[in-house]
Amino acid sequence: MPLVSMRQLLDEAAKGGYGVGAFNVNNMEQIQAIMMAAKETKSPVIVQASRGARKFAEDLYLFKLIQAAAELNPEIPIAMHQDHGNSFETCESAIALGYTSVMMDGSLKADGKTPATFEENVAITKQVVDYAHERGVTVEGEIGVLGGVEDGHGAGGSGLDHITDPDQAVEFAERTGVDALAIAIGTSHGAYKFTSKPDGSVLKMDVLIKIHKYLPNTHLVMHGSSSVPKELQDIINQYGGKLNPTWGVPVEEIQLGIKNGVRKINVDTDNRLAITVFVETPEKFDPRDYMKPAREAMAKVVAQRMTQFGQASHAGDYKPVSIEEIAKGYKNGSLVTKPLVSK
Ligand code: G3H
Ligand code: 13P
Ligand code: ZN
């Protein structure tokens, strides 16, 4: 099956009332782990690459691996997504490669660190939406700023520093026409999100619920959604790792989000923890010996998330539409998101 439009994946998820995990990849084993899980649970899936991942793997290696995944798993709808695009050029180059979805993260300036103004964010995001939709490619924008820094990307600080203003979210969605909107409700990237288990008030679920009420047709995205399970922290530390105690986003809060318009859930850190390689048998030095259990450990985490987010068993629900057909839908207005219904 060719790669599928993320918009179609999310529209179907909205119809079915479930969420779809978007899992970050950097190499073949991570892609295989995701596909093992998708196959086992019969899930549609979003695979995403950050700028750092594209640089690390060299664009073409990574993209051809995704194409191989699609070819080997024709029964699984897969959307390939650029995570945290920092500029028009980053999104343009992903589209040129064949990515079916891009995130233009205009909440930060092109340096990927400094918060941008609202007007700057609207202008760059709208530019990407016009270009991408003409080519049938989905666009995710971001309003509000996530906390933390991953591989040099991010404003830093706590996830509570720049919570999304619901009125701004409405204006942003109306002026840009994004398909999906990442909102800041207190999460941050990386392993260190919270110093104790956060409840719904720490996570500002009320803000999320309000935004969904205002924007019922815009798919909401939760970034920084790793749960950072204690079991994975313990395994890392058992083998000589140095993780300080930390709390991620509880799965039940993500599930509450899914009941309130969250359709895409970004998970990277949990999979990084799971695929970390431990030396149990120092006499062995074959990558197959240590990558196989690491890949299986990641597949286990991904399969669990797919079940928890509700995407499991939905792979065969629909027939993917070609990207060309999707482009026609944007052109004739049938796919143009009508944001404001019930403010
Ligand atoms: O949003 C950040 C993702 O976790 C990807 O991180 O830029 O280190 O690949 P990265
Ligand atoms: P985590 O660091 O919580 O896995 O978040 C990943 C993410 O949001 C990627 O865009
Ligand atoms: Zn993110």
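The sections below treat the model, the chain as a whole and helix H10.

## Basis of the model

This is a predicted model, in which local features need pLDDT of at least 70 and side-chain atom pairs count only at pLDDT 80 or more, whereas totals for chains, interfaces and linings use all residues. Residues are numbered from 1 along each chain as its sequence is written, with chains lettered from A and ligands numbered from 1 in the order in which they are written.

## Overall fold

The protein chain has 13 helices and eight strands (DSSP runs numbered from the N terminus: H or I of at least four residues for helices, E of at least two for strands). Its radius of gyration, taken over C-alpha atoms, is 19 Å, close to the 20 Å that the globule rule gives for 343 residues, so the chain is as compact as a globular protein of that length. That rule is 2.2 Å times the number of residues to the power 0.38. Along the principal axes, the C-alpha atoms fill a box of roughly 60 × 45 × 35 Å.

Of the 343 residues, 51% are buried (20 or more other C-beta atoms within 10 Å of the residue's own; 12 or fewer is exposed, in between is partly exposed; C-beta atoms are placed from the backbone).

## Helix H10

In helix H10 (residues 251–259), the buried residues are Glu253, Ile254, Gly257 and Ile258. These residues lie on the same side of H10 because they cover an arc of only 150° around the axis, taken from the directions from the helix axis to the C-beta atoms. The face turned away from the buried side carries the exposed residues Glu252 and Lys259.

The cover over the buried residues of H10 includes helix H8 (205–214), strand E7 (219–222), strand E8 (262–267) and helix H12 (287–309). Just after H10, Gly261 takes a positive phi of about 95°.

Key. Contact = placed C-beta atoms within 7 Å.
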